[in-house]
Amino acid sequence: MPKNKFQLFKFSIEESYEENEYQLLVKNPVKCPIGLLLSCQDDKTNEILNKLSPILLEASADTLIRIKDRGNLEGKIDVKLRIGNPDIAIQSSKIKSLPYPNGNSYELLQGNNSNPTHNSNISRYAFDFTMSTGDTVTSVQDGYVIGVIDGYHGWGNGDKWKSYSNQIIIYDTITYLFTMYGHLKQNSSMIKVGDYVRIGQPIALSGQTGQAQEEHLHFNVLQADNVKGGLKSYRLDSIGNYKVKELKRYQLMTN
């Protein structure tokens with residue numbers, strides 16, 4: 001198992017205490033909304049935080065929280081994140097491109113709502129393509145890069161490997177859809193958090209990292225929701241030139 005854990009993006013929190021007032025400054029480093037859930041083991045402080053939570057931070061925004069007469073709370077406030085704003089309605093159920101270069105073809109290794117791994121809120125409507133390690137992965141939409149993990153090496157079969165997949169997440173500010181590209185090759189990312197990418201632009205190389213029994217690309221379309229982490233898998237009507245409901249496992253799909 002990997003010894004280090006990597007995050008999708010660096011999250012900035014600054015705390016201070018002066019004249020009996022605790023201050024918490026939180027900065028959103030990405031080009032999409034995020035929600036903040038605040039809590040504290042001190043019951044009275046937690047009541048105050050519950051009235052504030054969830055706090056919605058727009059893209060690249062920040063917020064300053066002030067709490068008086070509760071003492072120095074530095075290191076005592078727990079901050080959890082939810083990516084996206086679930087109150088924004090999705091504007092499209094179609095993705096115009098497949099996540100690889102035009103003219104390339106790969107088989108659909110696993111489709112929507114299927115075993116063994118596409119059967120939960122986070123992955124129910126995902127697609128796995130039979131891409132080999134080193135094959136080029138491209139963006140399926142215009143949007144901002146809001147998450148990059150590319151430091152992991154290795155793979156395994158159990159659930160304990162789920163959180164060790166190299167991945168990229170891109171947010172479309174027109175449709176409000178997030179797209180995730182997973183199991184990427186170590187250190188193969190061609191973009192960074194904050195970059196604006198175009199449809200068809202190469203973003204990384206396919207690989208076999210995390211929970212992956214074989215080389216492939218895990219591609220998932222996500223929407224904001226009030227779930228842990230803030231995202232859940234989103235059902236498409238079409239992807240590329242294909243109607244999703246007509247797709248079959250091991251079908252060859254050409255971009």
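The largest pocket of this predicted model has a volume of about 1,700 Å³. A pocket here is an open set of points on a 1 Å grid over the protein atoms alone, with protein on both sides within 12 Å along at least five of seven lines, and lining residues have an atom within 4 Å of a point. The volume is the space filled by probe spheres set on the points, which are joined across faces, edges and corners; the probe is one of 1.4 Å. Of the 50 lining residues, Ile122, Lys162, Ser163, Gln167 and Met180 are the closest to the centre of the pocket. Several strands give two or more residues each to the lining: strand 6 (77–83), strand 8 (105–110), strand 13 (167–171), strand 14 (178–182) and strand 18 (217–224). Strand 6 provides the largest share, four residues. Strands are DSSP runs of E with at least two residues, helices are runs of H or I with at least four, and both are numbered from the N terminus. By class, the lining has 20 nonpolar, 21 polar and nine charged residues, where Ala, Val, Leu, Ile, Met, Phe, Trp, Tyr, Cys and Pro count as nonpolar, Asp, Glu, Lys and Arg as charged, and the others, Gly among them, as polar.

Strand 6 also leads us to helix 1, whose buried residues pack against strand 3 (34–40), strand 5 (62–68) and strand 6. Which residues of helix 1 are buried? They are Thr45, Asn46 and Leu49. These residues sit on the same side of helix 1 because they cover an arc of only 100° around the axis, taken from the directions from the helix axis to the C-beta atoms. The face turned away from that side carries the exposed residues Asp43, Lys44, Glu47 and Lys51. Buried means under 20% relative accessible area, exposed over 50%, and partly exposed in between, using a 1.4 Å probe and protein chains only.

Asparagine 46, in helix 1 (residues 43–52), has a relative accessible area of 19%, so it is buried. Not counting residues up to four places away in sequence, asparagine 46 touches Leu38, Ser39 and Cys40; contact means heavy atoms within 4.5 Å.

Now look at leucine 109 in strand 8. Its relative accessibility is 14%, so leucine 109 counts as buried. Beyond its neighbours within four places in sequence, its contacts are Asp128, Phe129, Thr130, Glu214, His216, Arg249 and Tyr250. Leucine 109 and methionine 131 are 22 residues apart in sequence, and 9.4 Å apart in space, C-alpha to C-alpha.

Residues are numbered from 1 along each chain as its sequence is written. In this predicted model local features need pLDDT of at least 70 and side-chain atom pairs count only at pLDDT 80 or more, while totals for chains, interfaces and linings use all residues; side-chain values use heavy atoms, leaving out hydrogens and water.
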